[in-house]
Amino acid sequence: MASTETDKVIGLKLKKNQPSDITGCEMHERIINDGVTNIYDRFASQQPQCGFGATGVCCTLCTHGPCQITRKANMGVCGASADLMVARNLLNRVVIGTAANVYHAKNNARTLVEIGKGTADYVIKEENKLRSVTEKVGLDSSGPINEVALRFGTFFMDQINSNDYEPLKLVTKFALPQRLKVWESLSILPGGPGSELMTSLTKGLTNMDSDPIDLMLQALRLGIANEFVGLFGATILQEIIIGSAKPFVGQTGISIVDPNYVNLLVNGHQPLLSTKVMEISQENEFIQKAKAIGAEGIKFYGCVCEGQSLLNLGNEFGGVYGGPAGNLTQQELILATGAIDVMFFDFNCVLPAIVDVAKHYNTTLISTDKVVRQPDVLRLEYEPHKANEIAKKILDEAIKSFSQRKHIMTPKITQKAMAGFTTESVLAALGGKLDPLINLIADGTIQGITAIVGCNTVRECQSGSMTTKLAEELIKKDILIISAGCTSNPLENAGLLDPASSVKAGSNLRGVCESLGIPPVLSYGGCNDIGKIVGTVRAIARHLNVDIPQLPVAASAPEYMEPKALADAFSAVALGLMIHIAPLPPVLGSPLITKLLTDDIESLTGGKVYVELDPIKAAKGIEDHILLKRSKLF
Ligand code: XCC
């Protein structure tokens, strides 16, 4: 996109309930004209929404309720205070988020075990990484690679299922020693997440745990398990099986959908199957089948986090991967091109309404994991030993669906994006050592690092605009951005993953980006890749021999939307990071919990939550935090 067009996107005057980018607006208009349901219009029809739910003071757990805290009732029927309701509601959401991330990790571990047994349709891509993590957890890393896979995969499964009274080895072996001490002193060093989740759910029962502080400490335990199993753990396993990210320049946006091809869209977070579909789509049998029905070939696109994860794998699949087409709020708009033949989903975030949208645009939907089922939607559910067979069936469905297309409309503006960063590739760009990055931070050329992560929301018409404005403000202040999750999508739409966007950065950061040929926003992939960002932060802390809270770094989830993001926020706070959050989390009904999370908790873990809905003010708050840390460290 030319810079004048990019400016138009950024400067676009937002009307209520519409996307924040030109292409999104074009497709939104189309979907409205077609009379098809969409997230923007549904958000409008939900207004005004419930203030009790929004501030966390509504309890629906028992038949005495629903109870709400009002001016005339400062307790529920059971006597639950606003503090208890807020804390319990929050813990229950952190439970759901952690469970989902651990479920994802478990699927990866199962695949590794089956590779070890020789029954999976996969081989090990990153042998060295597997041997190194196996050694790190104290297991024998020698011998045939399949035996190592079985050993580490079994160990990982056992970790998930271990008791909550035995400290999790994945934490004790990988965390910084300074962090372990903090967590031990607070008694929040977690055990196996399966068991921790059971304990948390039990605490969250009515008339069980009525200590709001204890409920929040439990949420921190889950946050730690979430990071080391659900985020870091899941991505390490994934890298071992399908390979690590490498810097790569691709195209992004809804317009990448090319109507001349048989088109598949994957939506979710678990790329083991989608990479298999891409691999098999290059076989002559499928290329010929596509050509026989008049298509030029087969193309593949990603939506939500998986789109970002796949972009990060680079050019692995011979050009089959067209790129990330959109975020959660755009999935209906992508189908509205009328040129998606199959959309398959392997995890969240697939909107229930997609079933109606897909009917209108003749897209075949397929669920590929048992946790994401929809009525009347075809199920071809992933199992490690059936991946080849399922991939072929998905491709056949797409070829069958191609001839049933009608109403095609593809917009024009695509965007160039450089992605594929990890600790390793950032180090490689700097000559293989951390010193150059540390020196740049120490001398103030880079003031600090902010991880902008998580979702996009249509709330208050943010839809990417909050994320983009925040990032633009921060890079002006010479703060380097690392992104992971759906946040990368609006940042791509705004051109901030294009190295040319370094002109928007402060002069010092701009100089670094131009000399290295990188953008001022480095994408690490999907939201599970947040674990890799933490890996980079840990490496910097280790190098400087300090603890994470001492570093000039911060996190932000500027458009957080759902429970996985809340679990990740508790991971960040436990790790000692300040995490900026918008929109308002459901805690304001409790002065105690609000103060705990935004203030008091800093004296316990070193981390805290910072809530600010204005992107300019949020950037200033993050800068102040980074400057304070700098003044103490250097
Ligand atoms: Fe869903 Fe990850 Fe959020 Fe995107 S970022 S809206 S969870 S897909 Ni996690």
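Phe232 is buried, its relative accessible area being 11%, where buried stands for under 20% relative accessible area, exposed for over 50% and partly exposed for what lies in between, using a 1.4 Å probe and protein chains only. Phe228 counts as buried too, at 1% relative accessibility. The model is a predicted one, in which local features need pLDDT of at least 70 and side-chain atom pairs count only at pLDDT 80 or more, while totals for chains, interfaces and linings use all residues. Residues are numbered from 1 along each chain as its sequence is written, and side-chain values use heavy atoms, with hydrogens and water left out.

A search of the whole structure finds 9 aromatic pairs, a pair being two rings of Phe, Tyr or Trp (its six-membered ring) whose centres lie within 6.5 Å, called stacked if the planes are under 30 degrees apart, edge-to-face if over 60 and tilted for the rest. An α-helix has 3.6 residues a turn, so residues three or four places apart point the same way. Phe228 and Phe232 also belong to one aromatic cluster with Phe174 and Trp183.

Phe300 and Phe344 form another edge-to-face pair, with 6.0 Å between the centres and 65° between the planes. This pair links distant parts of the chain, since Phe300 is in strand E5 (residues 298–303) and Phe344 is in strand E7 (residues 342–345), 44 residues apart. Phe300 is buried, with a relative accessible area of 1%, and Phe344 is buried as well, with a value of 0%. Leaving out residues up to four places away in sequence, Phe344 touches several residues, including Leu264, Val277, Phe300, Ile366 and Ile394, where contact means heavy atoms within 4.5 Å.

A nonpolar core is a set of buried Ala, Val, Leu, Ile, Met, Phe, Trp, Tyr and Cys residues joined through side-chain atoms within 4.5 Å. Of the 208 residues in the largest such core, Trp183, Phe228, Leu264, Phe300, Phe344 and Ile394 touch the most other members. Helix H11 (residues 212–242) supplies the largest share of this core, 16 residues.

Helix H12 (residues 271–281) has 10 of its 11 residues buried, so this helix is largely enclosed by the rest of the structure. Among the buried residues of H12 are Leu273, Lys276 and Val277. The charged end of Lys276 sits over the ring of Tyr122, 4.7 Å from its centre, a description used if NZ of Lys or CZ of Arg is within 6 Å of the ring centre and within 35 degrees of the ring normal. Likewise, Arg538 lies over the face of Phe232, at 5.0 Å from the ring centre.

## The nickel atom and a buried arginine

The nickel atom of the ligand has a single donor from the protein, the SG atom of Cys527, 2.4 Å away. Donors are N, O and S atoms within 2.8 Å of the metal (3.2 Å for Na, K and Ca), and sites may look incomplete because water is not among the atoms. Cys527 lies in the loop between strand E13 (521–523) and helix H23 (530–544).

Arg405 is found in the loop between helix H17 (387–402) and strand E10 (415–419), and Arg405 is buried, with a relative accessible area of 16%. A polar atom of the side chain of Arg405 lies 2.6 Å from the backbone oxygen of Tyr261.

## Backbone features in loops

Most residues other than glycine have a negative phi, and most peptide bonds are trans. A cis peptide bond, however, joins Gly65 and Pro66, with omega about 5°, and the bond from Ala582 to Pro583 is also cis, with omega near -5°. Asp376, which is not a glycine, has a positive phi of about 60°; Asp376 is exposed, with a relative accessible area of 84%. Asn545 has a positive phi near 55° and counts as exposed at 64% relative accessibility.

Note on methods. Helix = DSSP H or I, 4+ residues; strand = E, 2+ residues; numbered from the N terminus. Polar contact = N/O pair within 3.5 Å; in protein donor to acceptor, adjacent residues only side chain to side chain.
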